[in-house]
Amino acid sequence: MTAVQVTGLSKEFVLRHNRAMGIKTKFLSLFHQSKRERRERFLALDDVSFRVAQGEALGLLGHNGSGKSTLLQIIAGILQPSAGTVTVNGRVAPLIQLGVGFNPELTGLENIFLNASLYGFLNREIKPMLEAIIDFSELSQFIDTPLKNYSSGMQMRLGFSVAVHLQPDILLADEILAVGDQDFQKKCHDRIAQMRADGMTLILVSHSPEQVERFCDQYIRLDHGRVVESGRMQPAPSPTALLG
Amino acid sequence: MGANSTASVGRYWRYRDLVRNLVIANIKVRYQGAALGFLWSLGNPLAMILLYDFVFTHVFRSNLPNYILYLIIGVLHYNLFAQSVSQGCDSLTGAASLAQKIYFPRILIPTASLAFTLVLWLVAILILVVLYPILGGVYHWGLVLYPLALVLYLSFIWGIVLSFSVLQVEYRDLKHLVEIGIMFLFWFTPIGYDIHVLKPHTQFLISLNPLTQFMDVFHALLYSATLPTVKNVLIVVAWTLASVAVGMLLFRAKARHLVEDL
């Protein structure tokens, strides 16, 4: 079964130089050439196609600005494609940033509910998972203190823990596999491998070919919005092998 | 269309706890550390009512019986409009970082902003509930229609909040203009005065203001202990439908590319 099918996908952004954000500037631009808005079209993704089968893991490689994150945002439904289609089968959890919507004034516990509801979960669906989420994050001691007292590593741990406990069918991860210290990182990697073994599809954006090699069985390299290279890892890593 | 909109309502319903959690978060953050906490949402309308009562009974004379009741009804309902619209304006621009990182129905952002204002307002309306019999309010069967009138009013406001939140993304001056507009609109709505004391052509102008029509409904039900006229109700329904239609159309047209402009 296909989890994600991307066909002929293009995304064009309009860069608006001197964009008139206010009425004054809009008015001035009627008389001053220099204040006029210049529009420049910028092709962030150019005719990208690929297919990820259910349970597979795809690595997206490329330099800064090559279109990796834009591609992820389109698959997540955050941005609309300019041309082409994206078909997604299953529940997608974008992990573009850990702990989206976290509010520093609220406690860790309150933030768990807030964060999960952004993924479309009801509070009563989260309650049975609370213990597992808090245990995994290793933050039970601090869970009812405001998030502003957490270190950034602790916040990421909580965000990661919520995300992985929501049991997504497809996980879209943007450079998030460096959470916390060494021990916690290992725990995260094991957890992702476990979820992969259970049939989760993974799309991983990364700078690092080693990381992609470790987690993914196929990869795509993007450059200036085009697919310049793609292939399968040889030999494909078996997800269970990573558990050891 | 039918099946399509049922599906999208179902999709929004799935996210109902998001609205709830956002509202709770806003309330917690707003009243954190304030000793009186939630009660502060009473402070502002109470101060306003005292001020206007002073102005309208001692500076400009009003002949309305039970004048304070008349005034409280107007001020409270106008406040709901003013605060919702002013807050709703930058609800989308304020949620930019959220919207860029995860997909959820965008319409829930301005809706949660309205819900937040509504919750605070429901506390403020306690003033009216407590003082109602003391100030000369009459309990009559027409009062059961009040929730219906309130739902219409909220829908009308929701339509405006949707429109303004979307327009604010493109025209960042909007909020400043809206705040001035809200100040002016107060005096162009019969809140502190009776519309019938005005000259006929001024009366006509004031009655073009949709809020005047809503105030007439609220004053009829809560102040005069009568039912609003049929004409009055029809105008109110028409304004509500127009506002919701414009709001939803604008939102639909812009929502797809909203994130790129935030």
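In chain A, helix H3 (residues 108-118) packs against helix H5 (residues 130-137) at an angle of about 115 degrees, and their axes lie 12 Å apart. The model is predicted.

**Packing of H3 and H5 in chain A**
- The crossing of H3(A) past H5(A) is right-handed.
- On H3(A), the contact is formed by A:Leu109, A:Ile112 and A:Phe113, and on H5(A) by A:Leu130, A:Ile133 and A:Ile134.
- By class, the residues of this contact between H3(A) and H5(A) are six nonpolar, no polar and no charged.

**Extent of the interface between chains A and B**
- About 2,900 Å² is buried between chain A and chain B, and carbon and sulfur atoms give 54% of this area.
- Chain A supplies 36 residues to the contact and chain B supplies 31 residues.

**Polar and charged pairs across the interface**
- Between chain A and chain B, nine residue pairs are in polar contact, with both residues at pLDDT 80 or more.
- The rule finds three salt bridges across the interface of chain A and chain B.
- A salt bridge links B:Arg14 to A:Glu125, with 2.8 Å between the closest N and O atoms.

**Chain A side of the interface**
- Strand E1 (2-17), helix H1 (23-28), H3 and helix H4 (123-126) are the elements of chain A that each give two or more residues to the side touching chain B.
- The side of chain A that touches chain B comprises 17 nonpolar, 10 polar and nine charged residues.

How values were computed. Residues numbered from 1 in each chain as written. Chains lettered and ligands numbered in written order. Predicted model: local features only at pLDDT ≥ 70, side-chain atom pairs only at ≥ 80, totals over all residues. Heavy atoms only, no water. Axes fitted to C-alpha atoms, helices over the stretch in contact; angles between N-to-C directions. Helix = DSSP H or I, 4+ residues; strand = E, 2+ residues; numbered from the N terminus. Left-handed = near helix turned anticlockwise from the far one by under 90°. Contact = heavy atoms within 4.5 Å. Nonpolar A, V, L, I, M, F, W, Y, C, P; charged D, E, K, R; others polar. Buried area = accessible area lost by both parts, 1.4 Å probe. Salt bridge = Lys/Arg side-chain N within 4 Å of Asp/Glu carboxyl O. Polar contact = N/O pair within 3.5 Å; in protein donor to acceptor, adjacent residues only side chain to side chain.
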